[in-house]
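Here are my notes on the model you sent over. Have it open while you read, and skim the points in order.

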Amino acid sequence: MGAFHSFMRNHNTNGDPAQDPAVWPSVTAAAIKANLFRYSYLPYLFSLHFVASMNGGTVVRPLFYEYPKDENTYNLGHQFLWGSSLLVAPVVYQGATTVNAYLPEDDWYSLFDSNYGQLVNHGYQSLYAPVTSLIPVLNILGGSILPRQKANVTTEYTRKNAFELLIAPGVKFRAVGSADGFLYWDDGESIVTSFDSHDYYQWTFKYSSTSQNAVLTIKTNHQGVSP
């Protein structure tokens, strides 16, 4: 679960047993898969942090933050969102092979291995989550575009890979065939003392499609520091 929080690190103290995940094969496999997912979607997670730093707001948020009129979201203690577009429904009971999750009335696509890219019904759902999946059940909101990269063994090497865009067009509850998203990016090292002088880039993405064609528009809204 740590890989799906905004800040992730191992925590230990002097004198306590070592916590090297490589000691346990099952933990090793889960840590690798969860970290690779996190590394792949760091452009989206980084962008959420960037926006929260500039404008305030949240990165990881409860579902009622996005669906305040849906009373079914008020008592969901285990599910949460990355931004508005990625829903995380973790397995929290030992030995469970399904997750009893609630998906608000909206368009949702699965990011889970067994049914990747398939539409998922809204409402209360019993979602298949075998032990071998190793990561939480994940769903992307229709109408969203998420920037990502092919994951590597470290964040430094991952950042050197080309960007990809995961496009999830609206189907019923969102504009049909349309999606949008954004990306904020900098060198990943410099400390931000002022956004006015900080060297960063920002792009927005808009996608629209019909039965005949599809158009993706990428707009540069901020390009480095003005000379």
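1. UniProt, in an unreviewed entry, puts "domain: Glycoside hydrolase family 31 TIM barrel" at residues 1–48. UniProt positions here follow the numbering used in this note, feature names are shortened, and annotations may be inferred rather than shown by experiment. That span is 48% helix and 0% strand, with its end C-alpha atoms 19 Å apart.

2. A word on the ground rules. This is a predicted model, where local features need pLDDT of at least 70 and side-chain atom pairs count only at pLDDT 80 or more, while totals for chains, interfaces and linings use all residues. Residues are numbered from 1 along each chain as its sequence is written, and side-chain values use heavy atoms, with hydrogens and water left out.

3. The unreviewed UniProt entry also lists "domain: Glycosyl hydrolase family 31 C-terminal", covering residues 56–145. Here the chain is 37% strand and 4% helix, and the end C-alpha atoms sit 22 Å apart.

4. Overall, the protein chain has 13 strands and 4 helices (DSSP runs numbered from the N terminus: H or I of at least four residues for helices, E of at least two for strands). The C-alpha atoms fill a box of roughly 55 × 45 × 30 Å along the principal axes.

5. How much of the chain is buried? Of the 227 residues, 37% count as buried (under 20% relative accessible area; exposed is over 50%, partly exposed in between, with a 1.4 Å probe and protein chains only). Among contacts (heavy atoms within 4.5 Å) between residues at least 6 apart in sequence, 57% join residues at least 24 apart.

6. Have a look at Phe182, in strand β11 (residues 178–185). Phe182 counts as partly exposed because its relative accessibility is 28%. Leaving aside residues up to four places away in sequence, Phe182 touches Ser47, Leu48, Val51, Ile145, Pro147, Trp203, Thr204 and Phe205. Ser47 is 135 residues from Phe182 in sequence, yet their C-alpha atoms are 7.5 Å apart.

7. Leu134 deserves a glance too: its phi is near 70°, a positive value in a residue other than glycine. Most residues other than glycine have a negative phi. Leu134 lies in the loop between β7 (123–128) and β8 (137–141), and at 33% relative accessibility Leu134 counts as partly exposed.
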